[in-house]
Amino acid sequence: HMAEHIDTIEAEVPYEELVPLAHTIQSDRKLREDNEAIRREFTANVSHELKTPLTSISGYAELMENGMAKAEDVPVFAQRIHKEASRMITLVTDILQLSELDGMRDCKEKSFEPEPVDLAAVTRDTCVNMTMNARKAYVTLQYKTEPASLMGSRDLLSELVTNLCDNAIRYNRPGGHVCLYSGTDGDGCPYVAVEDNGIGIPQDAQARVFERFYRVDKSRSKATGGTGLGLAIVKHIAMLHGARIDLKSQVGTGTTIRVTFPKA
Ligand code: ADP
């Protein structure tokens, strides 16, 4: 049985069972080939994603403006406006982040000054930072780290682990478990991995979850504060570090995503 508290045990990831995401690499080639169509689809998606909260903000504001809101409704409407506006801020933040990462990929050499990054420390810090999120979802969170380090961006790698951990908590059930791993594999390549025993990803969706705005269950994503961009950001950060992503998932059993970096 997993301990309630965060502890350190030796990493043990069943990574030989994981399937490489060849299809993701393929869809990336397509992304370059069919840039214009992708851009158009992205603009349409962004517009739609922004229009939904804006419509409801506008609706609540109009009700109050026209005096059609009863006094006791006003705080409720204000709260909904606040919530929708927060959703928009999160979305715009993710879009800006992706656009920044896109720019970095175009000039890979100058994008960031690589610094020594202790992946085990990044993993532990993420675990600590996500403790409250896990607690709110009644999910236990722990880490099992072995030493792993590389040259890269500490901020971006911390964001990568945070996004994976956030998903592992959000696509889980009360009483579920999430474990963060770091280590060095048999080939001497550093890796991080996030394992959950949550709802899992259907086989036919596994190739698509790294696409922008792709969601298996739109209502669940939105209800838990998702933008549909978290894994697209993970993929970009992994690519900037020359890393490989492996995913293993089964509906009802859980998901493991591992990011393996090139040997130093
Ligand atoms: P979102 O903001 O919707 O979570 P992501 O890009 O982070 O967007 O993930 C895309 C989709 O992949 C999610 O909507 C969800 O359906 C699925 N997904 C991601 N991580 C997990 C996980 N650990 N378990 C189950 N499904 C997941």
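Reader: Which residues line the largest cavity?

Author: This is a predicted model. A cavity is a space where a probe fits but cannot get out. Here the lining of the largest cavity consists of Glu49, Arg87, Leu91, Arg215, Lys222, Gly226 and Thr227.

Reader: What classes do the residues of that lining divide into?

Author: Sort them by side chain. The lining of the largest cavity has four charged residues, two polar and one nonpolar.

Reader: How much space lies in the largest cavity?

Author: About 50 Å³. With a threshold of 30 Å³ or more, the count comes to one cavity.

Reader: And pockets? What volume does the largest pocket have?

Author: A pocket, unlike a cavity, is an open set of points. The volume of the largest pocket is about 710 Å³.

Reader: How many residues line the largest pocket, and which lie nearest its centre?

Author: The lining has 34 residues, and those nearest the centre are Asn167, Arg170, Tyr171, Gly230 and Leu231. By class, 13 residues of this lining are nonpolar, 12 are polar and nine are charged.

Reader: What takes the space of the largest pocket?

Author: The ligand does. Two helices, H7 (154-170) and H9 (230-240), are the elements that give two or more residues to the shell around the ligand. H7 gives the most to that shell, with three residues.

Reader: How many residues are around the ligand, and which come nearest?

Author: There are 19, and Tyr171, Ser221, Thr227, Gly228 and Leu231 come nearest. The shell divides into eight nonpolar, eight polar and three charged residues.

Reader: Which ligand atom is 2.6 Å from an N or O atom in the side chain of Tyr171?

Author: For polar contacts, look for pairs of N or O atoms within 3.5 Å. With Tyr171, the ligand atom is an oxygen. An oxygen atom of the ligand also lies 3.0 Å from a polar side-chain atom of Arg170. In the case of Asp196, a side-chain N or O atom is 2.9 Å from a nitrogen atom of the ligand.

Reader: How much of the ligand does the protein bury?

Author: Compare the ligand alone with the ligand in place. Taken alone, the ligand exposes 530 Å², and the protein buries 97% of that.

Notes:
Residues numbered from 1 in each chain as written. Predicted model: local features only at pLDDT ≥ 70, side-chain atom pairs only at ≥ 80, totals over all residues. Heavy atoms only, no water. Near = heavy atom within 4 Å. Polar contact = N/O pair within 3.5 Å; in protein donor to acceptor, adjacent residues only side chain to side chain. Areas by Shrake-Rupley, 256 points an atom, 1.4 Å probe, with all protein chains shown as cover. 1 Å grid on protein atoms, 1.4 Å probe; cavity = no way out; pocket = protein on both sides within 12 Å on 5 of 7 lines; lining within 4 Å. Sits in = over half its atoms within 2 Å of the grid points. Helix = DSSP H or I, 4+ residues; strand = E, 2+ residues; numbered from the N terminus. Nonpolar A, V, L, I, M, F, W, Y, C, P; charged D, E, K, R; others polar. Points joined across faces, edges and corners; volume = space filled by probe spheres on them.
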